[in-house]
Amino acid sequence: GMSWWSVRRTGAAKPFAAAGIFVAMCAALLAGCGGGGGDGAGGGTTAVVAETTGAVAALGEKIFKDRSLSASGQMSCASCHDPATGHASPFFTSVAFGGPRLDQPGTRMPPSLRYLRFNTPFFFDEEGTPTGGFDWDGRAATLADQARSPFLSANEMANADVADVIAKVAAAAYAAQFKALFGADIFADLHAAFDRVLFALERYQRESEEFAPFTSKFDYVTAGKAAFSAQEARGLVLFNRADKGNCAACHPSTQPPNAPGALFTDFTFDSLGVPRNMGIAANADASYFDMGLCGPGRADLAGRGDLCGAFRVPSLRNVGLRHRFFHNGQFDSLEQVVRFYVRRDTDPQAWFPADPTTGRPDVYNDLPAQHRGNVNVAEAPYDRKEGEQPYLDEGEIQDLVAFLKTLSDGYAP
């Protein structure tokens, strides 16, 4: 039957619907707060708001970097969202290891937190396309909501409960600052206090320039302050061409209305048939499948079998700084990722193990058989059959990777 993505992409940039306008509005309001009252009109109030907002974000930064907020005493938010890798996983393993002794494996690769301030809560657009939401499966509605589970997950910071988290915050060096911002009695109401912890983390991610710097070579080239090499320029053409990489169909290279530069994601979801990663401990159980939108991480879409296997499209900004790729960390180089995209179905035995009964490649083996039909085979570069020519040859793959490496922040022109 028709899949929900078959009508999704026309090559044009996706309209951001009402939710995007809402986000843009919020951003404009926040920008207004940053004025510090210099315009004279109602300056006093503006200055107070700016000071408070900035103070909450500053507190959020301390919380983000505080390893004492974990059962191990050794894991902070920054442990898995390292600024050096674009606030993504610094680990060479597919997953992070948490828990009281840092020996409990995760089930997914920690995602990047950069540029997520331009995302929206989860919704289905007018064509039925799942869009927005935080975490790999879109289950969290906001950055604050996304920050909740790591504190309590047994394989992450592994606090026993909210009381455990708040006891640690109340003992932290910034406890007085927390009370000054949120009230002298804030720690008496555990859930209100935890909500303020998450609010502070969201304010830090929304306000600090380090989470959306737009300082890549791509940005400097766009501004006319640098030039691509011949190879990088060829890579951009391949990235955009619908009959070559077609990357821009999900990772637009054009500026959306709600951001100062291209975000290289349309915040939709896709089912790519990434091979099962046997390096993830949970996958030793042959009956366990991480199916993204339809569960088990989120329960609200369990009845939507057509969504099984779909994961959030991440921004490609800073992808050149990653050690691992995809929700399950299956690949460890950009070259391998691009090869997989163009050769997944033309050369399936290179990616999938042989099915012992047939001897044929067990394609899309990280999904149960009844959901393998959800995998995107409709769009370039996934619409080629076994034995056909891939959309990109090895030289073009190298060109495309060279372009992708221009998306890393911190370029010095």
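Is Cys 247 buried or exposed? Cys 247 is buried, because its relative accessible area is 18%, and buried means under 20% relative accessible area, exposed over 50% and partly exposed in between, with a 1.4 Å probe and protein chains only.

Hi everyone, a word on the model before we go on. This is a predicted model, where local features need pLDDT of at least 70, side-chain atom pairs count only at pLDDT 80 or more, and totals for chains, interfaces and linings use all residues. Residues are numbered from 1 along each chain as its sequence is written, and side-chain values use heavy atoms, leaving out hydrogens and water.

Now the overall picture. The protein has twelve helices and six strands; these are DSSP runs, numbered from the N terminus, with helices (H or I) of at least four residues and strands (E) of at least two. Of the 413 residues, 53% are buried.

Let's stay with the cysteines. How many disulfides are there? The count comes to one disulfide, where a disulfide is a pair of cysteine sulfur atoms within 2.5 Å. The partners are Cys 294 and Cys 308, with their sulfur atoms 2.0 Å apart. Both lie in the loop between strand E5 (269-270) and strand E6 (311-312), so the pair ties together parts that are 14 residues apart in sequence. The link is right-handed, with 105 degrees about the S-S bond. Cys 294 and Cys 308 are both buried.

And our opening residue? The closest cysteine sulfur to that of Cys 247 is in Cys 250, 9.0 Å away, which is too far for a bond. Cys 250 is also buried, at 9% relative accessible area.

On to a pair of helices. Two packed helices are described by the angle between their axes and the distance between the axes. Helix H11 (residues 334-343) packs with helix H12 (residues 394-404) at about 125 degrees, and their axes are 10 Å apart. The axes are lines fitted to C-alpha atoms, for helices over the stretch in contact, and angles run from 0 to 180 degrees between N-to-C directions. H11 and H12 are therefore oblique to each other, since angles under 35 degrees count as roughly parallel, over 145 as roughly antiparallel, 65 to 115 as roughly perpendicular and the rest as oblique.

Who makes the contact (heavy atoms within 4.5 Å)? Among the residues involved are Leu 334, Val 338 and Arg 339 of H11, and Ile 397, Gln 398 and Leu 404 of H12.

Key. Contact = heavy atoms within 4.5 Å.
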